[in-house]
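Thank you all for making time this morning. I would like to walk through one protein chain with you, going from the overall layout down to a few single residues, so please have a look at it first.

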Amino acid sequence: TRRLAAGDVRHLRKGEVLFRQGEVASACYLLERGEVRLDVDGVTYATVRGPQVLGERALVSRDARSATATVDVPGPVVVLRREVFAGLLEESLVFARNVARLLSEKLGWALRDKARSQAAESSYYAILSNHLSREALDALYASQMGVTGPRRLDRCVVLFADVANYS
């Protein structure tokens with residue numbers, strides 16, 4: 001708790017960016033109230049409401065930030081700089097357990113999201129395969145493959161629905 005007092009308490013402003021995707025982490029954030037939008041590759045992935053911890057994964061893993069965090073609803077936040085966070089991990093077994101639990105929960109959420117996305121993609125594929133030839137489906141599918149991104153059959157379905165409505 002001594003170290004927690006060493007965290008900066010700030011009041012976030014609407015539109016303020018806490019961190020950007022690809023940045024090296026220097027802190028994590030204890031969002032007390034308010035809302036923060038998480039965008040991955042410019043697409044909103046989630047909205048986080050306080051109380052919640054943000055940015056701890058990048059501190060623990062030393063990976064670059066996986067998302068951009070932008071304030072939608074202002075509120076107070078405690079900023080835990082890397083050295084304070086590391087000190088708490090070393091000095092407090094309770095803190096370390098809570099961080100491990102939090103990371104585990106977030107991993108579980110991500111795995112469930114991925115499973116839902118894969119189920120939706122299978123459903124989109126079934127819809128499209130009822131209306132398109134295999135060659136057309138393959139061409140449409142290939143056109144939605146990003147160089148670094150995932151397949152986006154949901155976009156194909158929207159495109160197909162628009163074309164079908166105007167035919």
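Let me begin with a question: of the contacts in the protein chain with a separation of 6 or more, what percentage do residues 24 or more positions apart account for? The figure is 67%, and please keep in mind from here on that we are looking at a predicted model.

Now to the layout. The protein chain contains five helices and eight strands, and if you follow it from the N terminus, the order of elements is β-β-β-β-β-β-α-β-β-α-α-α-α. There are 167 residues in the protein chain, of which buried residues make up 29%.

Let us turn to the interior. As general background, nonpolar side chains in soluble globular proteins tend to be buried together. Here, the largest nonpolar core has 15 residues, and those with the most contacts inside it are Leu18, Tyr29, Val36, Leu38 and Leu54. Two or more residues of this core come from each of strand S2 (17–19), strand S3 (27–31), strand S4 (35–40), strand S7 (68–73) and strand S8 (76–81), while the largest share, three residues, is given by S3. Apart from this core lies another one, of 11 residues, and among them are Val78, Val84, Leu88 and Val99.

Leu38 deserves a moment of its own: if we leave out residues up to four places away in sequence, Leu38 touches Val43, Thr44, Tyr45, Ala46, Val48, Leu54, Ala67, Thr68 and Ala69.

Next, please find strand S8. Is S8 largely enclosed by the rest of the structure or largely open? It is largely enclosed, because five of its six residues are buried. S8 has partners, too: strand S1 (residues 8–11) runs antiparallel to S8 and is joined to it by four bridges, with Arg10 standing opposite Val77 in S8. S3 also runs antiparallel to S8, and five bridges join these two strands; within that pairing, Tyr29 has Val79 in S8 as its bridge partner.

Thr47 has its place in strand S5 (residues 43–49), and with a relative accessibility of 34%, Thr47 counts as partly exposed. Between Thr47 and Arg37 there are 10 residues in sequence but 4.4 Å in space, C-alpha to C-alpha. Not counting residues up to four places away in sequence, Thr47 touches Glu35, Val36 and Arg37.

Arg62, for its part, is found in the loop between helix H1 (56–61) and S7, and since its relative accessibility is 65%, Arg62 counts as exposed. Arg62 lies 36 residues from Ser26 in sequence and 9.6 Å from Ser26 in space, again C-alpha to C-alpha. Its contacts, once residues up to four places away in sequence are set aside, are with Arg57 and Arg82.

Finally, a word on the rings. The structure holds one aromatic pair. There is also a charged residue to look at: Arg65 lies over the face of Phe19, with a distance of 4.1 Å from the ring centre.

That is where I will stop, and I am happy to go back to any part of it.

Technical notes: Residues numbered from 1 in each chain as written. Predicted model: local features only at pLDDT ≥ 70, side-chain atom pairs only at ≥ 80, totals over all residues. Heavy atoms only, no water. Phe/Tyr/Trp six-rings, centres within 6.5 Å; stacked < 30°, edge-to-face > 60°. Lys NZ or Arg CZ within 6 Å of the ring centre and 35° of its normal. Buried < 20%, exposed > 50% of the residue type's maximum accessible area, 1.4 Å probe, protein only. Contact = heavy atoms within 4.5 Å. Core = buried A, V, L, I, M, F, W, Y, C linked by side-chain atoms within 4.5 Å. Pairing = 2+ DSSP bridges.
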